[in-house]
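Visitor: I would like to learn how to read a structure such as this one. Please show it and take the features in turn.

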Amino acid sequence: MVFSWLNVAILLALIFGFLFAAGPLLGGVLLAPKSRGGAMGLPYECGAVPHGSPHSIRFSINYAIYALLFLAFDVDVLYLFPVATYFPDSAGWWPLIKLIIFIVVLALGCVYFWKKGVFEWPRRIHF
């Protein structure tokens, strides 16, 4: 096997990437205060003292729906970047028509969730 400068560059990039990721972790272990007891052993609950078993708490499905909506729109917006970069070099209106169809489908999804009451927090969602 021939070991070229490209292999050296890839190996150095991997090593520096590992050090870049491991550095803050090692720094946190070495430099963080070592206090034990008190509220340090409790799970973080936004400043409120937790009471009861974590397994007995029931969450509404609204939390999951909001998370799925955020994920769907976040991923969908990522699809708009390649279209925006390709659009100036495209021939014709076809990419713009595809983009408009894509955004209309997203808007119809928003309207559907709005009609189902997802955006009204205290209400229950009826499927």
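Predicted model: local features only at pLDDT ≥ 70, side-chain atom pairs only at ≥ 80, totals over all residues.

Visitor: Where does Phe-102 lie?

Guide: Residues are numbered from 1 along each chain as its sequence is written, and side-chain values use heavy atoms, with hydrogens and water left out. Helices (H or I, at least four residues) and strands (E, at least two) are DSSP runs, numbered from the N terminus. Phe-102 lies in helix 3.

Visitor: How many helices and strands does the protein have?

Guide: The protein has three helices and zero strands, and its pattern along the sequence is α-α-α.

Visitor: What span should helix 3 have?

Guide: The expected span of a helix is 1.5 Å times one less than its number of residues. Helix 3 (residues 94-116) has 23 residues and should span 33 Å; its end C-alpha atoms are 33 Å apart, which agrees. Gly-117 follows helix 3, with a positive phi near 90 degrees.

Visitor: Is Phe-102 buried, exposed or partly exposed?

Guide: Buried means under 20% relative accessible area, exposed over 50%, and partly exposed in between (1.4 Å probe, protein chains only). Phe-102 counts as partly exposed because its relative accessibility is 27%. Its C-alpha atom is 9.3 Å from that of Leu-80, 22 residues apart along the chain. Buried residues make up 8% of the 127 residues in the protein.

Visitor: Where does Phe-119 lie?

Guide: Phe-119 is in the segment after helix 3. It is partly exposed, because its relative accessible area is 39%.

Visitor: Which ring does the charged end of Lys-115 sit over?

Guide: A charge sits over a ring if NZ of Lys or CZ of Arg is within 6 Å of the ring centre and within 35 degrees of the ring normal. Here the charged end of Lys-115 sits over the ring of Trp-114, 5.8 Å from its centre.
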